[in-house]
Amino acid sequence: MIFSPVEIQETVNMFMRQKLDIRCITMGISLLDCADSDSKRACDKIYDKIMKKAGNLVKTGQDIEKEFGVPIINKRISVTPIALVAGASEAKNYVPYIKTLDRCAHELGVNFIGGFSALVQKGITPADRILIDSIPEALASTDFVCSSVNVGSTKSGINMDAVKLMGETIVKTAEVSKNCEVNGCAKLVVFCNAPEDNPFMAGAFHGPGEADCVINVGVSGPGVILAAAKEYKGQPINVLADGIKKMAFKITRMGQLVGSEAAKRLGVQFGILDLSLAPTPAVGDSVARILEEIGLDGCGAPGTTAALAMLTDMVKKGGVMASTNVGGLSGAFIPVSEDEGMIEAAKNGSICLEKLEAMTTVCSVGLDMIAIPGDTPATTISGILADEFAIGMVNNKTTACRLIPAPGKKAGEWVEFGGLLGGCPVMPVSKFGCADFINRGGRIPAPIHSFRN
């Protein structure tokens with residue numbers, strides 16, 4: 001890949017002035033060969049394999065940062081969904097497995113490990129149930145491990161028994177971890193149509209169809225796209241869209257370079273490049289501010305969903321022209337607590353839970369990093385999950401929820417998660433319940449357009 005002097009100068013400006021970075025390099029590691037009927041032996045095998053495969057991950061990332069001048073913010077690991085590995089054992093609780101993962105994260109110096117996960121879109125195995133029951137204690141007793149559960153897909157429909165169970169699990173996790181530095185729910189995401197190659201936490205896991213070990217890269221550039229939007233102030237939407245697409249192409253080229261180099265140095269396969277716009281609480285690194293620059297008085301105003309649809313589509317179009325490895329989620333994230341502009345919108349009332357749900361029809365993921373009152377019933381949480389997953393199922397897209405009940409907090413109060421997770425006001429939830437609907441259980445059938453064979 002050859003870069004011209006002009007491209008190099010543009011990229012330097014993006015790093016120095018517009019907060020462009022590689023948000024993460026994530027090593028995906030298969031643990032299928034670590035399954036064992038003895039859970040202690042299985043944990044020993046997991047530890048040995050992760051330490052062997054990822055021993056040079058952090059150093060390699062740091063070396064690339066120094067040599068190329070490219071900031072790589074997070075070095076992460078994703079592993080095979082633990083329910084698939086631990087199911088071979090006699091264990092009745094999977095906390096030892098997550099503590100093994102956490103030990104690896106501490107010793108390797110990575111930011112997060114994802115994969116304390118279960119795939120239950122069509123049914124729940126005994127191993128899946130044990131893992132889900134282990135989540136509250138597991139997330140409260142570890143620092144760097146993230147958990148995810150996929151409860152629906154366009155092909156299978158929505159497992160409403162699993163949706164009910166996850167509503168209850170979210171409530172339990174918030175309660176068990178209420179005195180922890182980080183609320184465990186900030187490390188727990190529930191999916192419909194979960195991708196198997198996602199490098200972003202908390203939803204990253206290494207899917208069963210992946211190679212033994214790969215490097216996946218997540219690029220992020222809200223500040224760069226914001227600068228591009230400012231250049232086209234007052235121009236027609238199609239002209240602005242073309243400018244965003246061109247900038248997404250440049251961002252992706254940089255990610256392709258880093259991903260290829262990291263994979264070569266680590267001696268593993270280059271998996272995918274996820275070019276999602278992933279914001280942070282820092283000023284100038286916000287997706288909400290891009291939408292406002294496009295012409296909205298505030299994120300959540302009429303026109304927000306249309307503007308977000310255009311932004312997401314142009315990011316995808318620019319990216320796929322720059323790399324044949326584009327995958328994962330790739331679009332625009334709209335987490336509340338991790339986006340300075342979204343935090344402001346939640347404070348001033350221009351955004352609400354229902355508007356966020358509408359926006360998720362056209363963006364990367366779903367209802368992400370949203371604090372809700374601590375006394376929200378589990379069935380209401382399950383209802384919110386079901387609504388979001390219906391969007392994903394019907395539209396054949398990934399949707400997810402990272403909802404965080406804030407113990408002792410009411411709507412309008414502030415809750416702090418710290419660091420990259422940020423903080424946000426607690427958002428109000430509908431006072432009308434859905435317990436009878438959720439308690440029916442069963443499965444919402446797949447939509448008619450899922451039958452494509």
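Which residue's side chain meets that of E65 in a salt bridge? The partner is K75, at 2.9 Å from N to O. This comes from a predicted model.

**Salt bridges**

The E65–K75 pair links distant parts of the chain. E65 sits in helix α3 (residues 57-68), while K75 belongs to strand β2 (residues 72-79), ten residues apart. E65 is partly exposed, with 24% relative accessible area. K75 counts as buried, at 8% relative accessibility.

The structure holds 23 salt bridges. Three of them are tabulated here.

| Pair | N to O distance |
|---|---|
| E65 and K75 | 2.9 Å |
| R289 and E292 | 2.8 Å |
| R289 and E340 | 2.5 Å |

R289 and E292 both lie in helix α10 (residues 287-294). They are three residues apart, about one turn of the helix. R289 is partly exposed, with a relative accessible area of 24%. R289 also pairs with E340. E340 is in helix α12 (residues 340-348) and R289 is in helix α10, so this bridge ties together parts 51 residues apart in sequence. E340 is buried, at 16% relative accessible area.

**Nonpolar cores**

The largest nonpolar core has 130 residues. Those with the most contacts inside it are I50, I77, L311, L356 and L385. Helix α9 (residues 237-266) supplies the largest share of this core, ten residues. Beyond its neighbours within four places in sequence, L385 contacts V163, M166, G167, I170, V190, C401 and L403. Another core, of 16 residues, lies apart from the largest one. Its members include C24, C146, V365 and A400.

Notes. Residues are numbered from 1 along each chain as its sequence is written. This is a predicted model: local features need pLDDT of at least 70, side-chain atom pairs count only at pLDDT 80 or more; totals for chains, interfaces and linings use all residues. Side-chain values use heavy atoms; hydrogens and water are left out. A nonpolar core is a set of buried Ala, Val, Leu, Ile, Met, Phe, Trp, Tyr and Cys residues joined through side-chain atoms within 4.5 Å. Buried means under 20% relative accessible area, exposed over 50%, partly exposed in between (1.4 Å probe, protein chains only). Helices (H or I, at least four residues) and strands (E, at least two) are DSSP runs, numbered from the N terminus. Contact means heavy atoms within 4.5 Å. A salt bridge is a side-chain nitrogen of Lys or Arg within 4 Å of a carboxyl oxygen of Asp or Glu.
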